[in-house]
Amino acid sequence: MSDAGSPRVALALDSAGLGCSVAVSLGEEVVAEEHIDTMHGQAEALLLLVDKAMRMAGQVPAALDLVVASVGPGSFTGIRAGLAAARGIALATGARLLGVTSFDAVAIPAARSDCSEARFLLVALESRREDLYVQFFDPHGDALRQPAAIMPFLFREAVATIIGANPLLVAGDAAQRAAAALAQRPATTVLEGSAPGAVGALRAGLRLLRLGSAADPPRPLYLRVPDVTLAETPQKPSRGRT
């Protein structure tokens, strides 16, 4: 850590969504980023991306002060793979480990880019089902409510209840779907290219450190029960008396 308490070298990993990405920062500046679109083999892909990004940044693993991992919501397998990789790297290097939600990974960069507009923010993430994962934020990037899985036909009611008629910026990899559900609502804008990723996770993690609100250790964020089916244990046939 630097004298000011901020990490000198930080690494972020994200595999909760529709791809895998990593980012490296020196101080507050992001100096390397790598990304691939894949939903399979995330564990192997992440480690290759980490090696490439660290080389691009001119850093060795021992230099890491902080590792940030996206905790979801998103793919059950992707979240687990990302957290396992982040924990392994932190354990091997002695770096601090933090978790940030995919919502924060979108909200913090969005709030920075929209600082002159003072609009409320709706982050909408793909669930790959009919509903969407959503969370509302104030213009500073602070959460207004807990995240939830919401059907699109309920969006208008939720927006009216939480922010009223105030201007709204819609971001995330499901921003277009959310905006379509809010069609004809005045003062509603979509932020293009705002899918969650490692750069956003890194900025969110650094912000948590600055605010002194970082929580350890990271835990997965699931907004529904994972689609995992456990095989039933075969029942042993009962033995009759002889």
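Which residue forms a salt bridge with Glu-34? I opened my notes with this pair. The model I consulted is a predicted one. In it, Glu-34 pairs with Lys-52, and their closest N and O atoms lie 3.7 Å apart.

**Entry 1: the pair of Glu-34**

I looked up where the two partners sit. Glu-34 belongs to strand β3 (residues 29–36) and Lys-52 to helix α1 (residues 42–57), so the bridge links distant parts of the chain, 18 residues apart. I then checked accessibility. Glu-34 has a relative accessibility of 12% and counts as buried, whereas Lys-52, at 47%, is partly exposed.

**Entry 2: other salt bridges**

I searched the whole structure and found five salt bridges. I recorded two others besides the pair above.

Arg-177 forms a salt bridge with Glu-126, with 2.9 Å between the closest N and O atoms. Arg-177 lies in helix α5 (residues 175–181) and Glu-126 in strand β6 (residues 120–126), so this pair ties together parts that are 51 residues apart in sequence. I noted that Arg-177 is partly exposed, with a relative accessible area of 29%.

Arg-207 forms a salt bridge with Asp-142, and here the closest N and O atoms are 2.8 Å apart. Because Arg-207 is in helix α6 (residues 198–211) and Asp-142 is in the loop between β7 (132–137) and β8 (148–150), the pair ties together parts that are 65 residues apart in sequence. Arg-207 counts as buried at 17% relative accessibility; Asp-142 is partly exposed at 32%.

**Entry 3: helix α1**

I returned to the helix that holds Lys-52. Helix α1 has 16 residues and reaches 22 Å from its first C-alpha to its last, close to the 22 Å expected at 1.5 Å a residue. I listed its buried residues as Gln-42, Ala-45, Leu-46, Leu-49, Val-50, Ala-53, Met-54 and Ala-57. Why do they lie on the same side of α1? They cover an arc of only 160 degrees around the axis, which puts them on the same side. On the other side of α1, I found Glu-44, Leu-48 and Arg-55 to be exposed. The buried residues are covered by elements including β1, β2, β3 and α2. After α1 comes Gly-58, and I noted its positive phi, near 70 degrees.

**Entry 4: the nonpolar cores**

I next examined the largest nonpolar core, which has 28 residues. Leu-11, Leu-13, Val-22, Val-24, Leu-64 and Val-67 touch the most other members. The elements giving two or more residues to this core are β1 (9–14), β2 (20–26), α1, β4 (66–70) and α2 (76–93). Helix α1 gives the most, with seven residues.

I took Val-22 as an example. Leaving aside neighbours within four places in sequence, I found Val-22 in contact with several residues, among them Leu-11, Leu-13, Ala-32, Glu-34, Leu-46, Leu-49, Val-50 and Ala-198.

**Entry 5: Asp-114**

Is Asp-114 buried or exposed? I found it buried, with a relative accessible area of 7%. Asp-114 is placed in the loop between α3 (102–113) and β6. Not counting residues up to four places away in sequence, Asp-114 touches Arg-119 and Leu-169. I also compared Asp-114 with Leu-191: the two are 77 residues apart in sequence and 9.4 Å apart in space, C-alpha to C-alpha.

Notes. Residues numbered from 1 in each chain as written. Predicted model: local features only at pLDDT ≥ 70, side-chain atom pairs only at ≥ 80, totals over all residues. Heavy atoms only, no water. Salt bridge = Lys/Arg side-chain N within 4 Å of Asp/Glu carboxyl O. Helix = DSSP H or I, 4+ residues; strand = E, 2+ residues; numbered from the N terminus. Buried < 20%, exposed > 50% of the residue type's maximum accessible area, 1.4 Å probe, protein only. Core = buried A, V, L, I, M, F, W, Y, C linked by side-chain atoms within 4.5 Å. Contact = heavy atoms within 4.5 Å. Expected span 1.5 Å × (residues − 1). Arc of directions from axis to C-beta.
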